[in-house]
Amino acid sequence: MTEKHVAVLLADGFEEGEAVVFIDIMRRLDIKVDVLSCMETPALNTYFETRITADDTLKNCYDNTYDAVMMPGGPKGTDNLSANSMVIDFLKRHISEDKYICALCSSGAKVLAAHNLLEGRRYTSGGGLQKKFADGQFVDQKVVVDGNFISGKGLGVSFEFAFTVAKHLLTDNVEKVDWQASHIYFDHWPL
């Protein structure tokens, strides 16, 4: 089995619970994670002022190609991601290379739909934000998979979202994903 590698894109104001749950589940499943700050430094300000430092910056890792790119929500965090042209170009490159694009909470609407990156695909997002953007087909579900796009509604479905991403990355070892969900007593899996 080839080791899978995921980038988690964080910007000031991100929803730390969504990011940490995702990172934790990936690492429990031996999926390599690069936590990347999309700001000037690895030290980040989170939505609820938890001190979190990324592994590196997107600027330093921009040329890397990942099997999946994940973005958590957080009102200011997704505003900062959406306003960053390097983030948008990084996502476009990964989309063109058929990598997984994984958006949790407001990032589905405020980053992907806002920049017409969904190209009509089905997705979910939190807070009714889909009403502000024409791109994509909003589906009122916890987790939505459409091709290589995986989206989740918000913090309350962070585990379902993370296990869904893992299942798609570890297609040759889905049993490991199921075992880990059972091991942590997560009763809402499989979806």
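Helices (H or I, at least four residues) and strands (E, at least two) are DSSP runs, numbered from the N terminus. The structure described here is a predicted model, in which local features need pLDDT of at least 70 and side-chain atom pairs count only at pLDDT 80 or more, whereas totals for chains, interfaces and linings use all residues. Residues are numbered from 1 along each chain as its sequence is written, and side-chain values use heavy atoms, with hydrogens and water left out.

The packing of helices was examined through their axes, which are lines fitted to C-alpha atoms, for helices over the stretch in contact, with angles that run from 0 to 180 degrees between N-to-C directions. Helix α6, residues 158-169, and helix α7, residues 174-183, have axes that come within 8 Å and cross at roughly 160°. The two helices α6 and α7 are therefore roughly antiparallel to each other, on a scale where angles under 35 degrees count as roughly parallel, over 145 as roughly antiparallel, 65 to 115 as roughly perpendicular and the rest as oblique. Their crossing is right-handed, a crossing being left-handed if the near helix is turned anticlockwise from the far one by less than a right angle, and right-handed if clockwise. Contact, defined as heavy atoms within 4.5 Å, is made between F163, A166 and K167 in α6 and V174, V177, Q180 and A181 in α7. By class, the contact of α6 with α7 has five nonpolar, one polar and one charged residues, where Ala, Val, Leu, Ile, Met, Phe, Trp, Tyr, Cys and Pro count as nonpolar, Asp, Glu, Lys and Arg as charged, and the others, Gly among them, as polar.

Helix α6 also packs with helix α1, residues 16-28, at an angle of about 35°, with the axes of the two helices 9 Å apart. The crossing of α1 with α6 is right-handed. On the α1 side the contact is made by E18, V21, F22, I25 and M26, and on the α6 side by S158, F159, F161, A162, F163, V165, A166 and L169. The residues of this contact between α1 and α6 divide into eleven nonpolar, one polar and one charged.

Within helix α6, V165 is buried, with a relative accessible area of 1%; buried means under 20% relative accessible area, exposed over 50%, and partly exposed in between, with a 1.4 Å probe and protein chains only. Leaving aside its neighbours within four places in sequence, V165 is in contact with F22, M26, C102 and I150. V165 and V143, which are 22 residues apart in sequence, are 10.0 Å apart in space, C-alpha to C-alpha.

A search of the whole structure for disulfides, each a pair of cysteine sulfur atoms within 2.5 Å, finds zero. C38 is in no disulfide, and the nearest cysteine sulfur, that of C61, is 10 Å away. The sulfur of C102 is 15 Å from the closest cysteine sulfur, in C38, which is too far for a bond. C38 is buried at a relative accessible area of 9%, and C102 is buried at 0%.

Two loop residues on either side of strand β7 were also considered. D98 is found in the loop between α4 (85-96) and β7 (100-104), and at 59% relative accessibility D98 counts as exposed. Although D98 and A68 are 30 residues apart in sequence, they are 9.3 Å apart in space, C-alpha to C-alpha. S106, in the loop between β7 and α5 (107-112), is buried, with a relative accessible area of 4%. When its neighbours within four places in sequence are left aside, S106 is in contact with G73, G74, T78, V111, S125, G126 and L129.

The backbone was finally examined for particular geometries. Most residues other than glycine have a negative phi, and most peptide bonds are trans. N116, which is not a glycine, has a positive phi of about 55°; N116 lies in the loop between α5 and β8 (122-123) and, at 52% relative accessibility, counts as exposed. Y185, likewise a residue other than glycine, has a positive phi near 65°; Y185 lies in the segment after α7 and counts as exposed at 71% relative accessibility. The peptide bond from W189 to P190 is cis, with omega near -5°, and P190 has its place in the segment after α7.
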